[in-house]
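Welcome! Please take a moment to look over the model below, and then we can walk through it together.

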Amino acid sequence: MKNVLFIASEAVPFIKTGGLADVVGSLPKCFDKSKYDVRVILPKYQCIKEQYLDKIEYVDHFYMELGWRSQYVGIFKAVIDGVIFYLIDNEYYFGGNKPYGEVYQDIEKFAFFSRAALSVLPVVGFKPDIVHCHDWQTGLVPIYLKDSFHAGDFYSNAKSIMTIHNLKFQGVWDIKTVRDVVGLSDYYFTSDKLKYYNDANYLKGGITYADYITTVSDTYAEEIKTAFYGEGLDGLLRARSGSLCGIVNGIDYDVYNPMTDKLIDYNYDSNTFRKEKVKNKLKLQEQLGLVQNPDVFMIGLVSRLTDQKGLDLVACVMDEICSEDVQLVVLGTGEEKYENMFRHFEWKYKGRVCSNIYYNEELSHKIYASCDAFLMPSLFEPCGLSQLMSLRYGTIPIVRETGGLKDTVEPYNEFEGTGTGFSFVNYNAHEMLDTIRYAKAVYYDKRREWNKIVDRAMAKDFSWKTSAVKYEKIYDMLIGY
């Protein structure tokens, strides 16, 4: 039996702000339990929902040195779907009504969390073979493993993996402050280690010291070695390219299953979608005040409303997208300019456009189950989960070929009869518009071909089981299994 420890700042069902939580909460339960004991360590945030705080139990506590401070470390434990979660308690760091605050606060908070996550292991009696770190919040862990923890019997053989979920966020702050809180010597604050220009960079430290680096799609693993996508770390990632690979995220096929989903009005599968899926469309049209028409081409967009998601392209050609024979359903929050843009176009095209400027899990499922196509024209997308959900529900993705979108959506080829979606290459509004119009033409003029695309989309397997097998191979390679 090999012991694997996930260290992360969030995980479902306890706390979620993005896709990281889905990975850390869903992936551990998919490993082969006869070979791997996978456990997770998280902060015990005060803002975790009451129903989950009730499920955790106190284990122990101790005091830990952090720089010149001595800090309380409480250990709590919960078992969810057969996976053991440890939660680190310290109200000074993890109080408040949201998991993240200002960067300068988070710098100290996650220095504490990284050191505490390793310090609790002898107390709970879990000796890891693999320490799997996620994003900048755990970037110090591979350094601590090579530094003050290296001599300890519990850690001497542990290998570390750093998974980059989004390279844009790196944990950067001034060296003086970071040196004061992390308890590392000056040796680590040089330009080949933590130093980043005149600051210190947690993620850079993690990438430098981890035994292996993964990211969340093959294409993103290649993209981040270039200046455009590399966010200032492309040189380091090129240098470490021999220890870097991409593994596409999955989705929970029990939660996202059109056959059993209780959040949608009519269940269906690949055999029944031709009759049942359109019933969801009519129901959603009624619910949202759109013109009820089973045949109209309905496009969904569920997203954070930010530049990263390609919404400046959408803004450029919004009038053309909202033509007579299209309905558009939007769900999400984000930058004010995009929230107001979608509100404006709902007012302008009442009955054809519906803008839901909030987030609602139930409505997101209904959009995946009701729409014909799903628009995701991202500037960059490390993996993306929405296109995986739309494939699962037979809602055809229209995407830009970047990161995980390129790896998971096969463009339709009318001559070979292949493909699961529609894609465009350049970050260009009119190229996107042409792709939408092409998809619309297939939908209206070649419905049998469209249904075959739906068949192929629903047959794809992007469950966590597939991802888990690939991670197992990396674990085995590092351990020499």
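This is a predicted model: local features need pLDDT of at least 70, side-chain atom pairs count only at pLDDT 80 or more; totals for chains, interfaces and linings use all residues.

Let's begin in the loop between strand S1 (2-7) and helix H1 (19-26), where Pro13 is found. The peptide bond leading from Val12 to Pro13 is cis, and its omega is near 5 degrees.

Val12 and Pro13 come up again at the second largest pocket: along with Lys16, Asp22 and Tyr52, they lie nearest its centre, among 26 lining residues. This pocket holds about 660 Å³ of space. Helix H1 gives the most to its lining, with 3 residues, while helix H2 (50-53) and strand S5 each supply at least two. By class, the lining has 15 nonpolar, 4 polar and 7 charged residues.

Helix H1 also matters for the lining of the largest pocket, where it provides the largest share, 4 residues. That pocket has a volume of about 1600 Å³. Of its 50 lining residues, Thr17, Gly18, Gly19, Leu20 and Arg304 lie nearest the centre. Other elements giving two or more residues include helix H4 (103-119) and strand S13 (297-302). The lining divides into 21 nonpolar, 19 polar and 10 charged residues.

Finally, two loops are worth a visit. Asp81, between strand S4 (69-80) and strand S5 (83-89), has a positive phi near 50 degrees without being a glycine. Asp81 counts as exposed because its relative accessible area is 53%, over the 50% cut-off. Tyr197, between strand S9 (195-196) and strand S10 (199-201), has a positive phi of about 55 degrees. Tyr197 is exposed too, at 65% relative accessibility.

Key: Residues are numbered from 1 along each chain as its sequence is written. Side-chain values use heavy atoms; hydrogens and water are left out. Buried means under 20% relative accessible area, exposed over 50%, partly exposed in between (1.4 Å probe, protein chains only). On a 1 Å grid over the protein atoms alone, a cavity is a set of points where a 1.4 Å probe fits but cannot get out, and a pocket is an open set with protein on both sides within 12 Å along at least five of seven lines; lining residues have an atom within 4 Å of a point. Grid points are joined across faces, edges and corners, and a volume is the space filled by probe spheres set on the points. Ala, Val, Leu, Ile, Met, Phe, Trp, Tyr, Cys and Pro count as nonpolar, Asp, Glu, Lys and Arg as charged, and the others, Gly among them, as polar.
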